[in-house]
Amino acid sequence: MIKHITFSNIFIVALLFCANQSAFAFTSVSVDKFEQTLWNETILLLDVRTPQEYAQGHIPGASLANMQDIAFVDNVSTIIAGKDNASNTIAIYCRSGRRSKQAATTLEKAGYTIIELDGGFIAWEKAKKPVAKGSYATLQRFEAHNFAINQHVNLQYRQTATGTAIPKTLIVYLHNSSARGIDNELQVRRRLVQQLMNYLDSTQYSAWVVLPQCRKDRYWNERRPVLGCKMSEGLYRFIQDFKQNHAIERIYIIGESFGGTGVWRLLTDYPTLCNGGMVIASYPAQNTKAKRVSKTPLCIVASENDPYSTVEKIQPMVDELQKLGAPLRYELLAKADYQQFLAEALSPANLDWLLQQ
């Protein structure tokens, strides 16, 4: 039986259709598609939950703008204004997808293009995607920047200053392989960074601390140029530029594991660049030149129980540097647990030695 359709029925259906279209004008995508959008560095990744939720766990690289804040849209505009090469597109998420859909509607009315994570952070965690934890305020201590190495390659990094005097010292930390990426955040989360900052704060040592991030498709210890340069050359250009712009007088380089390979490479390629270096849990590549490395005071910290950077791989270089009379501090720790090893590797004694060079 066909019911009689009146004009009023059609009008109501049309209104409901338009309302539905308006409510879901933004793009809502799956976890995998959402992750793919994050490779576009011009898109802002935005967490619209509370600071407490953010601290408990968030998508690496996400900026925080609580949608419950009365100045929510203005806060988002401020975040975008502070980003280099930011577009008008925002990738947005909340806990389950409810708040992010509300925030997406609000931001679209303000003129932004929105890509929303369907299912929110719950879906992200369920898919076993990367998660960062920690205080948003701690992360924001390090300002985010980009350095153009050449027309093809940018070096993302974070920087902060410590102490009470104008810093004349630059400390560069090269992260391990798990912090590679494009979020300009994971390298800040390393335990060694917090240990370094605790030391500098407690001693009131004045320094610029810089944390560059290596992309997933690059390596700190590249032997041949990629897109016009090796990463060691990019680091050299960056350090020289920073030195000139901040009147730096002393430069120190610290590398952990994967980052340690970058220290070996940098000191081989540019033996007079740094006043001192520290290599933690990292063995030198075969083409590392001991004579060139020996020109830089070096602290080497290794573990007897490291299955990768074994004593057998590190000891020959230590012996060679000692024969050359290089200024060297070598510490071999007997710690089975890697986190326990890190707790002692960047000890006050080792940092005291390094910063006195």
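**First stop: helices H8 and H13**

Select Arg-191, Leu-192 and Gln-195 in H8, which meet Gln-339, Leu-342 and Ala-343 in H13; contact means heavy atoms within 4.5 Å. By class, this contact of H8 with H13 has 3 nonpolar, 2 polar and 1 charged residues. Here Ala, Val, Leu, Ile, Met, Phe, Trp, Tyr, Cys and Pro count as nonpolar, Asp, Glu, Lys and Arg as charged, and the others, Gly among them, as polar.

The model is predicted: local features need pLDDT of at least 70, side-chain atom pairs count only at pLDDT 80 or more, and totals for chains, interfaces and linings use all residues. Residues are numbered from 1 along each chain as its sequence is written, and side-chain values use heavy atoms, with hydrogens and water left out.

Helices (H or I, at least four residues) are DSSP runs numbered from the N terminus. Axes are lines fitted to C-alpha atoms, for helices over the stretch in contact, and angles run from 0 to 180 degrees between N-to-C directions.

**Second stop: helices H4 and H5**

Next, select H4 (residues 72–81) and H5 (residues 98–109), which pack at an angle of about 70 degrees with their axes 10 Å apart. H4 and H5 are therefore roughly perpendicular to each other, the term for 65 to 115 degrees. Phe-72, Val-73 and Val-76 in H4 meet Ala-103, Thr-106 and Leu-107 in H5. The contact of H4 with H5 has 5 nonpolar, 1 polar and no charged residues.

Move to H9 (residues 231–246) and H10, whose axes come within 9 Å and cross at roughly 70 degrees. H9 and H10 are therefore roughly perpendicular to each other. Ser-232, Leu-235, Tyr-236 and Ile-239 of H9 make the contact with Arg-265, Leu-266 and Asp-269 of H10. These residues divide into 4 nonpolar, 1 polar and 2 charged.

Which residues line the largest cavity? Select Asn-221, Thr-261, Trp-264, Arg-265, Tyr-283, Pro-284, Ala-285 and Thr-288 to show its lining. On a 1 Å grid over the protein atoms alone, a cavity is a set of points where a 1.4 Å probe fits but cannot get out, a pocket is an open set with protein on both sides within 12 Å along at least five of seven lines, and lining residues have an atom within 4 Å of a point. About 50 Å³ of space lies in this cavity, a volume being the space filled by probe spheres set on the points.

**Last stop: a pocket**

Finally, select Ser-257, Ala-281, Asp-306, Tyr-308 and Ser-309, which lie nearest the centre of the second largest pocket among its 22 lining residues. This pocket has a volume of about 370 Å³. H10 (258–269) and H13 each supply at least two residues of its lining.

Notes: Angles under 35 degrees count as roughly parallel, over 145 as roughly antiparallel, 65 to 115 as roughly perpendicular and the rest as oblique.
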